[in-house]
Amino acid sequence: MADWLAALDRRAELRAKAGLTRTLRPRAAGDAVVDLAGNDYLGLATHPEVTAAAGRALSAYGLGATGSRLVRGSTDAHHALEDDLARWLGVDRALVFSSGYLANLAAVRGLVQPRTLLVSDAHNHASLIDGCRISGVETIVTPHADVDAVAAALAAAPGRPAVVVTESVFSVDGDLAPLAALHAVARRHGALLLVDDAHALGVTGPAGAGGVAAAGLAGEPDVVVTATLSKALGGAGGVVAGPAEFVRHLVETGRTFIFDTAPPPAVVAGVRAALRLARSGDDLRAELAERAALVVRRLGGAGLEVSAPDAAVVSVTAPGPEAATAWAADCRDRGVAVGCFRPPSTPDSRSRLRLTLSAGVDRADFERALDVIVDCAAVSARSEPGLRAPQSRTEDGS
């Protein structure tokens, strides 16, 4: 009976030799680490208006929602947030889930029929990849941000229902998908477009309404938007937004909606307060853009390979998984938290540090953190000063 445990130990040893061990590291409330790893882009997770709204709802409703949305979990707070999200995104309706991951699983599964073809970008998030897998239909993975490849895949399947699946701002390198071009190709072939706006919502677009709105696609009847509520809105949960008919379909058939406990009302109320702040946060978005440009200048000028960010995600290439792990650990030892992305979490077998910028981090601390990242970089991570990593748009990882 212990053989299976021994097998797990052996697999852990192999991951360790490859530099792929992952470790949970608890953090204390109010720790002094400069956070360039979290996703609180606008610094709203601890905003007084947000925490006050959550506190009032906590007193009114209690700790949890006590049930699924279709049983007892739907409160007036949930419905008010959905109305606010729909107005912000410019769509008919929005539906709130307990996580962005579950929202993506529901959206992909809800869009497919038995003969549907899914055309998925190679750099898509794991939740979209898993949504494609559990849908049980044919999926073609196209090279990253390659509109021509998407067009070819659709053209090769005439008459079949199809869905083009993409992120707006990609979570790996922070680059923006060519959404307008993808939508034009999808519409030409009668396909739908599903966009995960997680890293763009609150950061890009008019009033922070995200990448879909920035591309002029808000409210299009053949576009469905998903996002998390855990990044720029500083809370937790997910949303699927689009035509009213599709949202109704998810309410009646979406397994990750029907059979999951609803998000806590306190979190929902806090997110709703964060949404109001995000809509009027053009100054915060301008600060993020300025900081992203500074990262490229400072790290690129030091000879590090840096992605050209379109929002608040910046990746810095590491020589390999072990070097990335050591680099991130050295930064952490000097009081700076950075993301560490290694295969199989990366779609192209490249290891990276991922920096996620927050307007809530003190500017002086932010600039000091950049110096720490440069100081801790391995010599092998540097190239000629000023070089930046190419946008890996033709790589076909999965």
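**Strand β8 and its neighbours**

I looked up strand β2 (residues 93–97) and found 5 bridges joining it to β8, the two running antiparallel. Strands here are DSSP E runs of at least two residues, helices are H or I runs of at least four, and both are numbered from the N terminus. Two strands count as paired if DSSP finds at least two bridges between them. I noted that Arg93 stands opposite Gly242 in β8.

This is a predicted model, so I kept its limits in mind: local features need pLDDT of at least 70, side-chain atom pairs count only at pLDDT 80 or more, and totals for chains, interfaces and linings use all residues. Residues are numbered from 1 along each chain as its sequence is written, and side-chain values use heavy atoms, with hydrogens and water left out.

Next I checked strand β7 (residues 223–228). It is joined to β8 by 4 bridges, and these two strands also run antiparallel. Thr228 stands opposite Gly238 in β8.

Then I asked how covered β8 (residues 238–242) is. I found 5 of its 5 residues buried. Buried means under 20% relative accessible area, exposed over 50%, and partly exposed in between, with a 1.4 Å probe and protein chains only. Gly238, Val240 and Gly242 point one way from β8. Val239 and Ala241 point the other way, and they are buried too.

**Helix α6**

I moved to α6 (residues 126–135). Its buried residues are Ser127, Leu128, Gly131, Cys132 and Ser135.

What covers them? I listed α5 (100–111), β3 (117–121), β4 (139–142), β5 (162–167) and β6 (192–196) among the cover. Contact here means heavy atoms within 4.5 Å. The face turned away from the buried side carries the exposed residues Arg133 and Ile134. Just after α6, Gly136 takes a positive phi of about 80 degrees.

**Salt bridges**

I searched the whole structure and got 16 salt bridges. Each is a side-chain nitrogen of Lys or Arg within 4 Å of a carboxyl oxygen of Asp or Glu.

One is in α6. Asp130 pairs with Arg133, the closest N and O atoms being 3.7 Å apart. The two are 3 residues apart in α6, about one helical turn. Asp130 is partly exposed at 24% relative accessible area, and Arg133 is exposed at 60%.

Another joins Glu287 and Arg291 at 2.7 Å, N to O. Both lie in helix α13 (residues 282–301), 4 residues apart, about one turn. Is Arg291 buried or exposed? I read 3% relative accessibility, so Arg291 counts as buried.

I also noted Arg334 with Asp375, at 3.5 Å, N to O. Arg334 lies in the loop between α14 (321–333) and β10 (336–341) and Asp375 in helix α15 (residues 363–376), so the pair ties together parts 41 residues apart in sequence. Arg334 is partly exposed at 43%, and Asp375 is partly exposed at 48%. Salt bridges that share partners join Glu287, Glu290, Arg291, Arg363 and Glu367 into one network.
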